[in-house]
Amino acid sequence: MTPLTQTADVAIPELKPMQQRLLVAGAAGGVLSLVGALLDTTQFLQSYLMAYMFWLGVTLGCLALGMIHQLSGGAWGVLIRRPIGAASRALPLLTLLFLPIALGLSRIYPWMNADLVAHDEVLQHKHVYLNAPFFLARAAIYFIVWNVISFFLNAWSLEQDRTGDFRFARRMQLLSGGGLVAYGVTITFASFDWMMSLEPHWFSTIYGVIIMGGQGLSALAFLTIALVWLSRRAPLDRIVVPAHFHDLGNLMLAFVMLWAYFSFSQYLIIWSGNLPAEIAWYLHRMETGWRPVAVALMLFHFAAPFVVLLSRTVKRQPELLVKVAAAVLVVRIVDLWWLIGPEFHTGGIAISWMDVVLPLTIGALWLVVFVSQLRGRAILPIHDPEFDEALGRIIERGAPPRTAH
Amino acid sequence: MAESLQPVEDPNRAYVGAGTPPVIAPGHTFGTVTDKISAIVLTRRTPLGWYAGFLLAGSFAFLLLVSLTYLVTKGIGIWGNNIPVGWAFDITNFVWWIGIGHAGTLISAILLLLKQTWRTSINRFAEAMTLFAVACAGIFPLFHTGRPWLAYWLFPYPNSMSLWPQFRSPLIWDVFAVSTYATVSALFWYVGLIPDLATLRDRSQSRAGRVIYGMLAMGWRGSARHWHRYDTAYLLLAGLATPLVVSVHTVVSFDFAIGIVPGWHTTIFPPYFVAGAIYSGFAMVLTLAIPIRAVYNLEDFITMRHLQNMAKVMLVTGLIVAYGYGTEAFISWYSGDKYEGFVPMNRIFGPYAFYYWLLITCNVIIPQALWFKRVRTSVPVLFVISLIVNVGMWLERFVIIVLSLSRDFLTSSWGRFAPTFWDWSTLFGTVGLFVSLLFLFLRFLPMISIFEIRTLLPEAKVSDE
């Protein structure tokens, strides 16, 4: 095991300066965002919610994929175990970053408007659920659940690395089983609370599932980029082989299809039912200036990545796959923009500079945490019980030399 | 000989809790596998139990024939369906059977693409189960039309009546989905059988056996070129069958969700129906596999590993189904729509509340026992749970279909549904048909894929250096 241990402990020198640069970028973005918040608070909160949901999606998607891997096993997860862990350790930051939303409730959510509720029977009915104290209490529960799961999974994984004790694997499996159930329930209600209630009359039972599918996709795209980046540097340059990218590409393809399946199911059922209470949400998004965005989502959130990811060549060439993954991340943001934006700009498409700055700012801060957490641990989980099976032979033999970029 | 009797190294062995049973018991060789499976068909005496079981199942199949004959003579008035409950046992049974078929497709197609070797010993009879279940399912809508001899009107074809099906109706999507499903499942099953049919042809002692299996084997000689083309074809079929796992039950869910009946019209239906289908399908595979492996001593091939994995799939899909119940109930309230809000009230407190609670007990509460390894490793307990889930999934469709129809928007048009003798006789008749077909399959075809099991043996491992 000695060569393995050495392999895993090699520090990646580029990470430290990267972290510093990201911190500077995050600070600059923070200042810009603050200016934006003062200029147009509502627009700031709208863009903030979008950016927040995007990075929360990457984080929780990573957490959920990690738990799925604990239960299902498979070589695909062993290599990305550390990036998954580092991403899920951004949860305390995201908990803190929820504050602006909590403080801005009355500017974001129409059900906070007492006048509106007073004249609306349905909103009065929902007031038991949609009111600020209960909303915040639920948010607190979600964050406690997510942070607790992430904390213990990471702590046990670290212990396992240190001691090589397989009992931790068993514990992580148990927690992952319950954790996935908890994730399913909490993210469903969180998506109802934070996004669906932007249009408080509207409801859809599949909404939480669509959000989960999107989070899985965001996480996979992010992890692909991370793995491609890591695979160009020691020590992973000797370990990652095309088959690893192939697995990630296939999973991304599966999530692209799942997202389309969920979204289309919702659309078809609501379209054919044609009930006033249900179609309003789509009318705001498809019969206004937002229509081109809806069409673009069909083309670039489903059709294009679907066709491209069918190709074996693309999935096995990191240079190509990383581009697809980056494009997927962009359309994920566009999707969230389309889900949130029309509630604020009912007349038609409206884009603000904050829609660009805020995802980048939160992203920079998020990446600071991600990189620092990645630096803090060995890049490979050498005591993972599956480690030898998944990577042992490659490490012994040495991966075929890769062409320089 | 002694060399080949090494314990089998299981390629997929899970790491945790060392001692996870392998997918094939140690000590087998190419020869013993072939002998053991083909003997059931070719040389072993047919057990008396087989005749007894076939007779019993056959008599229920005969009951089906009687019921359908009477139905065609008298019309569907012999069933309990009447306005407002125009869909009752017929559609419940249809959805139940179609759902059961899904496990076969999932095991054979998706698990093949995911390289899950444990599928190998259960895929053959799971696929057979799919075919027979689809056959049973098809009977219900076909006879519910009242004039099954005109069923071809459901297909779009240029005709002198200038009559076309309504393409916006999910019922017509059903026609395409189910007929595609039946075709692809049959092809997949048959193609998978070809190498084994050739084995039977070569080993058969009787002339009839050689001729019949010989024709069915379509000239298979096992040459390298045959195998090469075969692998390609099988993989392509798996690719074709994969979307069907999702699409068929999605379309079935549209039968309900496309309309606006409260309790039917909800967006979670597609994924939740698919999960429910896989749930009931795996329950049925367990219900069949447990007695079969005991009677034919197949514990070497259908190991505890298989039973445990299937139990885990049931646990996961059962949780997804429970998630569906939960979100549906919450959104019914949250919508603020009084008809939607009435749906859970009617289910929980209404005239059919007993069935609703029975459904929750069978589908949500009892299967939580599968969280425990002791339960997953106890064969009798698994068998009982699988039966309970089968009942629960039937009840789920009954509750969805009948409860919503019996009490919809207008109180004045509320009604009740009570099944007649013929409702029950048709349901149990299809069970009889299903089991009879399964008995014939067990007797005349290799129930476990011989050639695929052989690839799991250490002899089959070729060094990749």
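**Exercise 1. Work out how the reach of helix 14 of chain A compares with the expected span.**

Solution. Start with the residues: helix 14 of chain A runs over 242–273, which makes 32 residues. Helices here are DSSP runs (H or I, at least four residues), numbered from the N terminus. Next, take the expected span, 1.5 Å times one less than the number of residues. Finally, compare: from first C-alpha to last, helix 14 reaches 46 Å, close to the 46 Å expected. Just after this helix, A:N274 takes a positive phi of about 55°.

A word on the model before going on. It is predicted, so local features need pLDDT of at least 70 and side-chain atom pairs count only at pLDDT 80 or more, while totals for chains, interfaces and linings use all residues. Residues are numbered from 1 along each chain as its sequence is written, chains are lettered from A in the order in which they are written, and side-chain values use heavy atoms, with hydrogens and water left out.

**Exercise 2. Describe what chain A and chain B bury between them.**

Solution. First, count contacts (heavy atoms within 4.5 Å): 45 residues of chain A meet 32 residues of chain B. Then get the area, meaning the accessible area (1.4 Å probe) that the two parts lose on being put together, summed over both. The two chains bury about 3,200 Å², with 70% of it on carbon and sulfur atoms. A:T205, A:Y261 and A:I269 supply 22% of the area that chain A buries against chain B, more than any other three residues.

Now look at polar links. There are 12 residue pairs in polar contact, both at pLDDT 80 or more. That term means a pair of N or O atoms within 3.5 Å; within protein, one must be able to donate a hydrogen and the other to accept it, and residues adjacent in sequence count only if both atoms are side-chain atoms.

**Exercise 3. Is B:N390 buried or exposed?**

Solution. Find B:N390 in helix 13 of chain B, residues 379–406. B:N390 has a relative accessible area of 5%, so B:N390 is buried.

How values were computed: Helix = DSSP H or I, 4+ residues; strand = E, 2+ residues; numbered from the N terminus. Buried < 20%, exposed > 50% of the residue type's maximum accessible area, 1.4 Å probe, protein only.
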